[in-house]
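Visitor: I have a model open and want to learn how to read its side chains. Where do we begin?

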Amino acid sequence: MKDQTGQATARLLRASLPRTLIPNHPMAPHSLVGKPAPSLSLPNANGETWTLTPGANGVPIALFFYPKSGSYGCTKEACQFRDALVEKELYKRTQLQVIGISPDPVEKQKTFAEKQKLTYPILSDANGEARKAYGVNKGILGLVDARVTFFIDSKGIVRDSLDSTVNYGAHVKFVTKWLDKLETEEKKAAEAPAAEPAAEAPAGDSNAEPAADEVTKESPETEQA
């Protein structure tokens, strides 16, 4: 009985760990990867409705779900995104849009955003509608909401996601990696030779004899007296 209990506990702990920390995990991609990212309308830190329509502005998006505004890990993560927007040329060059979402009420989001001087939208998902739309579940034995970041390209397609509740520092690195990859893809596409125009139909054989009606008629010779 004791062994069975220990095995059950191990399974629960294993399920709570980020996939990247589990040896030989199949690393199954999130169900949204490769699909259009869902649009959202949620109150921001000022209580105003803020709408996200991925792909509408033609810029990449880092959409990060975090458990609790003001907690140690969430504060570190939010500030890392804040600093990256200012310090990393890659973030400026690609015009990355960063958006944070947690279940906290508007009042708490406002206090959090002001205290940490966050320069991007922090949205309140008090009803859990955004987490449901993006398939974000619980983490750490179901005790807290999971920490998940989605990278969405400029066309509004979810390219990848990182589910790591404990490792808050991995999320900015994850986004940076994808910005590098996206920029490389766009550079290669720009350098690719343009498709050659379709060959025109041959203009006909220049050695062919002219048609009968194209033969120049000669003037009749003048009769001699």
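Predicted model: local features only at pLDDT ≥ 70, side-chain atom pairs only at ≥ 80, totals over all residues.

Visitor: What does the side chain of H171 meet in a polar contact?

Guide: The side chain of T149, at 2.6 Å. Leaving out residues up to four places away in sequence, H171 also touches others, including E77, F81, R147 and L162.

Visitor: Next, aromatic rings. How many aromatic pairs does the structure hold?

Guide: There are nine aromatic pairs. Read two values for each: the distance between ring centres and the angle between planes. For Y66 and F112, the centres are 6.1 Å apart and the planes at 40 degrees, so this pair is tilted. The pair links distant parts of the chain, 46 residues apart. Y66 is in the loop between β3 (61–65) and α2 (72–87), while F112 is in helix α4 (residues 106–115). Both residues are buried.

Visitor: Are the rings of F151 and W178 stacked or tilted?

Guide: Planes under 30 degrees apart count as stacked. Here the planes are at 25 degrees and the centres 5.7 Å apart, so F151 and W178 are stacked. The partners sit 27 residues apart, F151 in strand β8 (residues 148–152) and W178 in helix α6. F151 is buried at 0% relative accessibility. W178 is buried too, with a relative accessible area of 6%.

Visitor: Which residues do ring pairs link into a cluster?

Guide: F64, Y66, F81, F112 and Y120. Note that F81 is also one of the residues that H171 touches.

Visitor: Now charges. What is the general idea?

Guide: Side chains of opposite charge can pair when their charged atoms come close. In this structure the count comes to nine salt bridges.

Visitor: Where do E114 and K110 lie?

Guide: Both lie in helix α4, four residues apart, about one turn of the helix. K110 is partly exposed, with a relative accessible area of 34%.

Visitor: Which side chain does K138 meet in a salt bridge?

Guide: That of D145, at 3.4 Å, N to O. Check accessibility on each side. K138 is exposed at 52% relative accessible area, whereas D145 counts as buried at 18%.

Visitor: Last, the surface. Which residues form the nonpolar patch?

Guide: I140, L143, V144 and V166, with about 340 Å² of accessible area together. L143 is exposed, with a relative accessible area of 65%. Look for L143 in the loop between β6 (138–139) and β7 (144–145).

Visitor: And V144: what does this residue touch?

Guide: P67, K138, G139 and T165, not counting residues up to four places away in sequence. V144 is found in strand β7 and counts as partly exposed, at 31% relative accessibility. Finally, compare sequence with space. V144 and Y66 are 78 residues apart along the chain, yet their C-alpha atoms are separated by 9.5 Å.

Conventions: Residues numbered from 1 in each chain as written. Heavy atoms only, no water. Polar contact = N/O pair within 3.5 Å; in protein donor to acceptor, adjacent residues only side chain to side chain. Contact = heavy atoms within 4.5 Å. Patch = residues over 30% accessible without salt bridge, like charges linked within 9 Å, V, L, I, M, F, W, Y side chains within 5 Å. Areas by Shrake-Rupley, 256 points an atom, 1.4 Å probe, with all protein chains shown as cover. Salt bridge = Lys/Arg side-chain N within 4 Å of Asp/Glu carboxyl O. Helix = DSSP H or I, 4+ residues; strand = E, 2+ residues; numbered from the N terminus. Buried < 20%, exposed > 50% of the residue type's maximum accessible area, 1.4 Å probe, protein only. Phe/Tyr/Trp six-rings, centres within 6.5 Å; stacked < 30°, edge-to-face > 60°.
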